[in-house]
Amino acid sequence: MRIAVLGAGIIGLWTAFDLTERGFDVVVYADAPSTATTSASAVAVVTPLFPWSLEDHPELFEESLRWYRETLEKFRELNDDGDFMSVMPSFEFGYVDKDGREVLEKGFPASRLEQLSFTEIRKRYLNESIRVENEPDAFDDVTFAINFDADMVNTQKFLPYLEGVLRQRGVRFERKHFETLADLESIAERYLVNCLGIFSRFLFPEVGTEMYPIRGQSHFIPMANDPPYFGVASGHHAVFRHAEGFYLGSYFLSEVKSTWVGHGRSDRSDLRTLPTTTEWELTKKFATETYPILAEAMGFDVPSAPINEVSQVNTGVRPFREIGPVFGTRSVGLKMIVDNFGHGAHGWTIGYGATRKAVDKLIEVLANDEAL
Ligand SMILES: Cc1cc2nc3c(=O)[nH]c(=O)nc-3n(C[C@H](O)[C@H](O)[C@H](O)COP(=O)(O)OP(=O)(O)OC[C@H]3O[C@@H](n4cnc5c(N)ncnc54)[C@H](O)[C@@H]3O)c2cc1C
């Protein structure tokens with residue numbers, strides 16, 4: 001039986017991968033190549049710093065940790081073949097918020113790390129606070145750093161690699177844009193898995209209204225670097241110094257939550273992926289001024305990132321949900337649809353594990369359909 005996967009980002013590709021593992025024929029429809037998706041713009045750190053917590057969403061929290069472990073294991077297994085992973089010491093800087101809690105980027109409470117036990121975690125306090133400009137005229141005075149070894153996936157290598165594996169398995173890729181539900185009728189397959197990321201909000205306005213877009217912009221500087229290799233992150237910003245250059249960026253910008261959540265949004269201006277000057281200016285400031293100070297505080301004597309050597313700027317829109325991805329099932333005309341969208345800032349971290357749940361749902365749908 002042939003299944004249609006809508007979308008060729010990391011979630012669409014994992015879906016096609018799992019489907020072929022389970023013996024299905026697959027065709028992937030997408031309006032852009034995998035290398036031009038939000039997934040390709042990510043600096044893919046595989047870390048389970050989820051926005052949902054054990055206290056508020058115990059099942060989702062435990063399930064997400066399992067998805068994370070399954071995903072990491074799958075990356076490691078495939079890496080022998082594809083060589084797209086690295087492990088990098090990372091330093092996440094934090095501050096004390098107005099309620100007196102120690103928090104990391106996006107308000108993630110440092111105390112929640114104890115629930116995660118995903119790697120060995122060390123905490124270091126600074127002798128004096130360091131000021132970081134998070135957004136224009138919004139500052140964090142960071143006072144400590146959390147240090148751990150971060151697993152990273154090179155998106156520019158992994159997406160073409162996985163697509164290659166799928167093509168070898170006979171998966172067909174077709175370029176197609178779905179503007180309305182009527183466009184779904186133009187494809188032959190009856191069973192569809194929806195991996196359209198943030199666009200799912202427009203095609204299926206009845207689902208995912210808690211999902212909103214969060215822009216991120218990453219910059220790549222290719223150059224041969226000598227050690228040390230490490231990453232420094234604070235607030236919306238990060239610089240990763242690695243053997244082949246630097247990744248840097250303003251990673252979490254333009255929150256538009258209040259205009260999206262619970263609203264039937266039809267204006268797509270927030271989905272634009274043109275790079276912006278504000279993000280560039282903030283990145284530049286962080287990379288040239290703040291990063292060397294933060295690095296020095298952690299004992300690294302390194303120059304600032306050579307900002308004029310940026311060769312590539314990628315902007316993406318995360319399909320953000322504070323309560324995890326959507327795995328709905330429904331019929332539209334003759335089509336049966338299973339959702340696999342809304343992975344937010346963690347599509348790379350949980351993508352494979354979460355996708356297995358979506359494919360399990362599809363198999364349930366097929367079984368029920370057959371029984372009728
Ligand atoms: C700067 C940045 C840094 C990030 N860093 C990390 C990180 O460190 N770790 C992590 O886990 N995650 C990270 N993320 C988040 C991660 O990238 C997302 O969770 C993930 O990319 C979502 O994947 P997706 O396949 O659902 O969506 P997408 O990658 O957006 O793919 C959607 C697919 O649907 C297709 N499509 C959309 N609309 C239509 C349409 N109307 N018709 C036809 N096709 C359509 C697109 O062409 C595309 O193929 C980051 C994101 C950004 C932007």
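Which residues of H3 are buried? The structure is a predicted model, in which local features need pLDDT of at least 70, side-chain atom pairs count only at pLDDT 80 or more, and totals for chains, interfaces and linings use all residues. Residues are numbered from 1 along each chain as its sequence is written.

In H3, the buried residues are Ser 64, Trp 67, Tyr 68, Thr 71, Leu 72 and Phe 75; a residue is buried if 20 or more other C-beta atoms, placed from the backbone, lie within 10 Å of its own. Helices (H or I, at least four residues) and strands (E, at least two) are DSSP runs, numbered from the N terminus. An α-helix has 3.6 residues a turn, so residues three or four places apart point the same way. The cover over the buried residues of H3 includes E3, strand E4 (85-96), strand E7 (138-153) and H9, where contact requires C-beta atoms, placed from the backbone, within 7 Å.

Helix H3 (residues 58-82) has 25 residues, which at 1.5 Å a residue should span 36 Å, and its end C-alpha atoms are 35 Å apart, in agreement. The expected span is 1.5 Å times one less than the number of residues. Asp 83, with a positive phi near 55°, follows H3.

The axes of H3 and H9 come within 6 Å and cross at roughly 105°. Axes are lines fitted to C-alpha atoms, for helices over the stretch in contact, with angles from 0 to 180 degrees between N-to-C directions. H3 is therefore roughly perpendicular to H9, a term for angles of 65 to 115 degrees. Residues making the contact include Trp 67 and Thr 71 of H3 and Tyr 352 and Arg 356 of H9.

How values were computed. A residue is buried if 20 or more other C-beta atoms lie within 10 Å of its own, exposed if 12 or fewer, and partly exposed in between; C-beta atoms are placed from the backbone. Two residues are in contact if their C-beta atoms, placed from the backbone, lie within 7 Å. Angles under 35 degrees count as roughly parallel, over 145 as roughly antiparallel, 65 to 115 as roughly perpendicular and the rest as oblique.
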